[in-house]
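Hello,

I am handing over the structure below. My notes on it follow.

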Amino acid sequence: MEGEVAQDTEVERIGLATVWKESDDVFRPTPAPLTLVVEAMSRTRLRADSTVVLVSEAVMAEIFFQLKSKAGVETGGVLVGRAFVDLDRPLHAVVVRRGLLGDNSEGTPVSLRFTSDSWQAINSKLPGLPEEERNMVGWYHSHPGLGVFLSARDHLTQRSFFTNPWQIALVVDPSRTLDSSSAFGFFYGIEGLPAQTIIYRTELPEE
């Protein structure tokens with residue numbers, strides 16, 4: 001059985017849908033000259049009609065620490081930050097500022113369930129964050145010892161609740177070292193396609 005994110009009851013499904021409908025109503029990607037700025041900063045050629053994820057080493061280390069502390073079971077939460085859309089072509093960039101762990105979630109070695117209490121805890125944390133960190137841009141969870149991929153259940157979650165090209169999923173295998181290329185992967189949009197990822201050392205300026 002592969003890792004999964006599931007909701008047992010209709011109430012929990014409604015709760016999850018409501019969270020993401022509200023976010024989608026409030027937040028829209030900011031138009032920006034992505035190709036010029038990101039390629040100059042990273043010296044990386046960006047693919048058109050795709051999504052690139054920018055995340056600092058510090059943020060990745062914190063997320064990895066969260067998930068590694070519960071290495072025997074799957075755990076996860078939501079990613080917050082900002083999203084941008086290129087002025088001239090269908091290209092999105094997502095800047096991940098933080099991972100908010102889903103407290104009170106129910107995990108096993110091969111599955112993860114966000115409960116209603118998990119979503120209430122996440123929502124209660126948002127108002128206390130800096131403005132640029134109050135937008136939910138995706139979700140993340142661990143696959144302890146399973147490798148980095150989106151399972152069939154993960155794809156269902158992505159198709160159901162994270163359909164925009166700027167909504168991303170992060171999968172981490174905490175049994176591997178963070179500096180390994182196979183330790184984590186970002187995916188985006190309704191199809192859960194692999195996203196280009198740029199890890200940077202210095203903090204990006206706040207919006």
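The expected span of a helix is 1.5 Å times one less than its number of residues. Helices (H or I, at least four residues) and strands (E, at least two) are DSSP runs, numbered from the N terminus. This is a predicted model, in which local features need pLDDT of at least 70, side-chain atom pairs count only at pLDDT 80 or more, and totals for chains, interfaces and linings use all residues. Residues are numbered from 1 along each chain as its sequence is written, and side-chain values use heavy atoms, leaving out hydrogens and water.

Helix α3 (residues 57–68) has 12 residues and should therefore span 16 Å at 1.5 Å a residue; its end C-alpha atoms are 16 Å apart, which agrees. Buried here means under 20% relative accessible area, exposed over 50% (1.4 Å probe, protein chains only). In α3, V59, M60, I63, F64, Q66 and L67 are buried. Seen down the axis of α3, these fall within an arc of 155° (taken from the directions from the helix axis to the C-beta atoms), so they line one face of the helix. A58 and F65, on the other side of α3, are exposed.

A nonpolar core is a set of buried Ala, Val, Leu, Ile, Met, Phe, Trp, Tyr and Cys residues joined through side-chain atoms within 4.5 Å. The largest has 24 residues, of which L79, V96, I168, L170 and F186 touch the most other members. α3 gives the most to this core, with 5 residues. A second, separate core of 17 residues includes V80, L112, W139 and A169.

S50 lies in strand β3 (residues 50–56) and is buried, at 4% relative accessible area.

Regards
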